[in-house]
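Biologist: Could you put the model up and talk me through it? I'll ask as we go along.

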Amino acid sequence: MAIIKEQQCEVARKKEPPTQRESLLRSAILIGLGVIAWWEIYSRLARFADWLTLSVLHLSPVTRLGSTVQFMAFETPKVLMLLVLVVFGVGIVRSYFTPQHTRAILAGKRESVGNVLASLLGVVTPFCSCSAVPLFIGFVTTGVPLGVTFSFLIAAPMINEVALVLLFGLFGWRVAGIYAGTGLLIAMIAGWTIGRMKMERYVEPWVYEAQMGDGSLEDEKLTWAERIHLGREAVRDIVGKVWPYVVVGIAVGAGIHGYVPENFMAHIMGKGAWWSVPLAVLIGVPMYSNAAGIIPIVQALLQKGAALGTVLAFMMSVIGLSFPETIILRKVLRPQLIAAFVGVLTVGIIIVGYLFNFLM
Amino acid sequence: MTTLQILGSGCANCVRLANNVEAAAKELGMEFTLEKVTDMQAIVRAGVMKTPALVVDGKVKLYGRVPDVDELKTILA
């Protein structure tokens, strides 16, 4: 048996056409050159912004207009370049994770371990809220516990590459890390809590009767060239969709940076106001926006004296909990379970908001 | 006659996929029918967990992304 296997391996190796190896080499060289070019441009952006503001437009960086223009000229290309690089990288990473693989990993896992895994996989598995229903059915009908499925559904939209790139680009790695860490924690704990509540009977009955097909494609093995192609496709899709939000958002941020007085927000959303966290979440829950649209607002709030925990809570409630998604999920969940989902998540986000205002 | 089906809830990506598939099939000179499947049970029965999906003569050929017309031509050919 072992011998036969080895022979098959041998045959498989010989079969690999040399053209594929050549194309792999070619794409590797192209990517290498691309990354070098990216870095060369990226590291010169600050000088470019100074040059544009001072020498071309003859504005002084100490004036309001000058600092606003300088801010925009630096932040816009910086964030867009970071976005292209990260979305491309994430596109390639995601080509290794399909919903089928994720489901196979999660099926039959114990709850606590399952919640942790599901939250982590939620970050890397490609997901869009428009396919929340087939994904939900696919998970629960093949033995993924309900609470574990919710951990996935919470983590997937909340922690995404666009949010992380923008947070990193505008606030640095600490805020991006805090957001990712607390987002994961909320997904794990909220999912676990929903699992404890034993709410399986509030799933619409037709879900468990649905016959889930196997759904694997005939040829799932992707070549490197195809993965790179998927990365490029992700850049075209995602960056193509969010760049106007990024540009408008940075313009708004730049305007506030230059024109709104410091500490303007301090008494409304500062640490002192205990009611600011629940209020921010209550405003954020019905709001629906993608990360690219909300983060410039977040930046404006932070710069003008809002507390980090309050702003973090606002952001999570806007991105992580969306009205359209709950309507989509209503097809598979009874109102009681929707209420539990929204309730547990809201409480989790409020706790995180208070925690950060208290700690920092 | 080839049966082409687009599986999805009717979101923007499903419409884009349907348009690209139609364009690709026409460029190939195929004889085809194009149908949009929005029924969740049917989508689940096909085993699709990420929409939109393209089903050709009952076989899932692609899901979760919207390739351009050229790539769709190689998939359909």
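Biologist: How many residues of helix H7 of chain A are buried?

Modeller: In this predicted model, 9 of the 9 residues of helix H7 (residues 132-140) of chain A are buried, so that the helix is mostly covered; buried means under 20% relative accessible area, exposed over 50% and partly exposed in between, with a 1.4 Å probe and protein chains only. Helices are DSSP runs of H or I with at least four residues, strands are runs of E with at least two, and both are numbered from the N terminus. Among the buried residues of H7(A) are Val133(A), Leu135(A), Phe136(A), Ile137(A) and Phe139(A).

Biologist: Before I go on, what are the ground rules for numbering and confidence?

Modeller: Residues are numbered from 1 along each chain as its sequence is written, while chains are lettered from A and ligands numbered from 1 in the order in which they are written. The model is predicted, and local features need pLDDT of at least 70, side-chain atom pairs count only at pLDDT 80 or more, and totals for chains, interfaces and linings use all residues, with side-chain values taken from heavy atoms and hydrogens and water left out.

Biologist: Fine. How many residues of chain B are in contact with chain A?

Modeller: On the chain B side 24 residues are in contact, and they meet 30 residues of chain A. The area buried between the two chains is about 2200 Å², with carbon and sulfur atoms giving 60% of that area; buried area is the accessible area (1.4 Å probe) that two parts lose on being put together, summed over both. Val44(B), Met49(B) and Tyr63(B) supply 34% of the area that chain B buries against chain A, more than any other three residues.

Biologist: How many salt bridges are there between chain B and chain A?

Modeller: There are 2 salt bridges between chain B and chain A, a salt bridge being a side-chain nitrogen of Lys or Arg within 4 Å of a carboxyl oxygen of Asp or Glu. In a salt bridge of 2.9 Å, N to O, the side chain of Glu233(A) meets that of Arg65(B). As for the elements involved, helix H2 (40-45) and strand S4 (59-63) of chain B each supply at least two residues of the side of chain B that touches chain A.

Biologist: Which residue does Glu71(B) bridge to, and is Glu71(B) buried or exposed?

Modeller: Glu71(B) forms a salt bridge with Arg65(B), the closest N and O atoms being 2.7 Å apart, and at 17% relative accessibility Glu71(B) counts as buried.

Biologist: What about Glu40(A), which residue is its partner?

Modeller: Glu40(A) forms a salt bridge with Arg44(A), where the closest N and O atoms are 2.7 Å apart. Glu40(A) is partly exposed at a relative accessible area of 37%, and Arg44(A) is partly exposed at 41%.

Biologist: Switching topic: which residues of helix H3 of chain A are buried?

Modeller: In helix H3 (residues 45-56) of chain A, the buried residues are Leu45(A), Ala49(A) and Thr53(A). Seen down the axis of H3(A), they fall within an arc of 65°, so they line one face of the helix, the arc being that of the directions from the helix axis to the C-beta atoms.

Biologist: What is the phi of His58(A), and where does His58(A) sit?

Modeller: Phi of His58(A) is near 55°, a positive value in a residue other than glycine, and His58(A) is placed in the loop between H3 and helix H4 (64-94) of chain A. At 64% relative accessibility, His58(A) counts as exposed.

Biologist: And where is Asp57(B)?

Modeller: Asp57(B) lies in the loop between S3 and S4 of chain B, with phi near 45°, again a positive value in a residue other than glycine. Asp57(B) is partly exposed, its relative accessible area being 48%.

Biologist: Last one, which peptide bond is cis?

Modeller: The bond from Thr51(B) to Pro52(B) is cis, with omega near -5°, and Pro52(B) lies in the loop between H2 and strand S3 (53-56) of chain B.

Terms used
Contact = heavy atoms within 4.5 Å.
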